[in-house]
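I opened a notebook for a structure that was new to me and wrote down what I looked up, in the order in which I looked.

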Amino acid sequence: MMECRFLVPERDALMHSDARTSEGQDVLNGFKMAMRRLASTVTVITTALDGRRYGMAATSVTSVTAHPPALLVCINQSASIHGPTIANGRFCINLLGVDHDDMVGPFSGQAAGEDRFAYGTWDAHSGGLPYLLDAQANLFCVLTKRVSYGSHSIFVGEVEQVRLCGDTEPLIYQDGGLYRTLGLPTQS
Ligand SMILES: Cc1cc2nc3c(=O)[nH]c(=O)nc-3n(C[C@H](O)[C@H](O)[C@H](O)COP(=O)(O)O)c2cc1C
C-alpha cells in the first residue's frame, strides 16, 4: 500500500503560537509540494502597450465558463506584464506545444521585455497583440474582471477569438520540469 501523510500538525498543537508558525510553514511547504503534482499546460500570456510587447510564461490558466467562453489567469502584481494587461484591456493566451520548451526560460525571466520575442515566431493581431504563430492554440481575450488576491491578480478574460494549430501535443509542466505529452489514456 502506498504511503500517504498529512503535512500539518494535529489540531491541538495549534493552540500554541509556536505551533501555529510551524503549521504555517508546513502548510506552505506542503502546498508547494502538492502543486508540483498539479500538471499544467505551459502558456505564454501576451499583451502590448504603446508599441511595446509584453509576454510571460504562465501555468495558472483555467477555463471559467463556456457561456460566455471565459478563462482566468493569475499574474503576480510585480510581473512586468501586470500593468500593461490592465491598461490594454486585452491579452492573448498562447498554449505552448512540445517543441516550445526553449521559450519557457526566456519568458520566465532569463530574458526581458522585447528580447523575449526573439524566441518563437510571432505575429501581431489587432491592436498589436502578439500571438505565437505555431502555438497549440491562441485565445484572444478581453479583460472583463480583475480580482486582487495576495501577491497576485486574477484576470478573467472573455474569449473573443480562437486559433488552433496542428495536433494536440501540449507542453506540460509538472514536478518543476517540462514534459512531452505521454499520450497514454488511463483505459485502452
Ligand atoms: C512554468 C512556469 C509557469 C509560471 N506560471 C506563472 C503564473 O501562472 N503566474 C505568474 O505570475 N508567474 C508565473 N511564472 C513566473 C513568471 O513567468 C516569471 O516570474 C516572470 O519572469 C515574471 O515576469 P517579469 O520577469 O516580466 O516580471 C511561471 C514560471 C514558469 C517557469
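The entries below go from the whole chain to single residues.

**Entry 1, ground rules.** I noted that this is a predicted model, in which local features need pLDDT of at least 70, side-chain atom pairs count only at pLDDT 80 or more, and totals for chains, interfaces and linings use all residues. Residues are numbered from 1 along each chain as its sequence is written, and side-chain values use heavy atoms, with hydrogens and water left out.

I looked up the pLDDT, the predictor's confidence in each residue from 0 to 100, and found a chain mean of 91, with 90% of the residues at 70 or more. Over residues 12–20 the pLDDT is below 50, and this stretch has five contacts (heavy atoms within 4.5 Å) beyond near neighbours in sequence.

The C-alpha trace spans about 60 × 45 × 40 Å along its principal axes. Of the 188 residues, 34% count as buried, where buried means under 20% relative accessible area, exposed over 50% and partly exposed in between, with a 1.4 Å probe and protein chains only. Among contacts between residues at least 6 apart in sequence, 62% join residues at least 24 apart. I also noted a division into domain 1 (12–39) and domain 2 (42–175), with bounds that come from an automatic or database domain assignment; 31 Å separate the two centres, taken over C-alpha atoms.

The secondary structure comes to three helices and 12 strands, read as DSSP runs numbered from the N terminus, with helices (H or I) of at least four residues and strands (E) of at least two. Strands pair if DSSP finds at least two bridges between them. I followed S10 (residues 152–164), which runs antiparallel to S5 (residues 69–76) and is joined to it by seven bridges; Val73 has Phe155 in S10 as its bridge partner. S10 is also antiparallel to S9 (residues 137–149), with 12 bridges between them, and here Lys145 has Val156 in S10 as its partner. S9 and S10 form a hairpin with two residues between them, and Gly150 in the turn has a positive phi of about 60°.

How many aromatic pairs does the structure hold? I found four, a pair being rings of Phe, Tyr or Trp (its six-membered ring) with centres within 6.5 Å, called stacked if the planes are under 30 degrees apart, edge-to-face if over 60 and tilted for the rest. Phe107 and Phe117 make an edge-to-face pair, at 5.4 Å centre to centre and 90° between the planes. Both residues lie in the loop between helix H3 (101–104) and strand S7 (122–124), 10 residues apart. Phe107 is buried, at a relative accessible area of 0%, and Phe117 is buried too, at 6%. Tyr131 and Phe140 form an edge-to-face pair as well, at 5.4 Å and 75°, and both of these residues are buried.

Is Ser40 buried or exposed? Ser40 counts as buried because its relative accessible area is 17%, under the 20% limit. Ser40 is found in strand S1 (residues 40–41), and its side chain reaches the backbone oxygen of Leu38 at 3.3 Å. Not counting residues up to four places away in sequence, Ser40 touches Thr59, Leu171, Ile172 and Tyr173.

Technical notes: A polar contact is a pair of N or O atoms within 3.5 Å; within protein, one must be able to donate a hydrogen and the other to accept it, and residues adjacent in sequence count only if both atoms are side-chain atoms.
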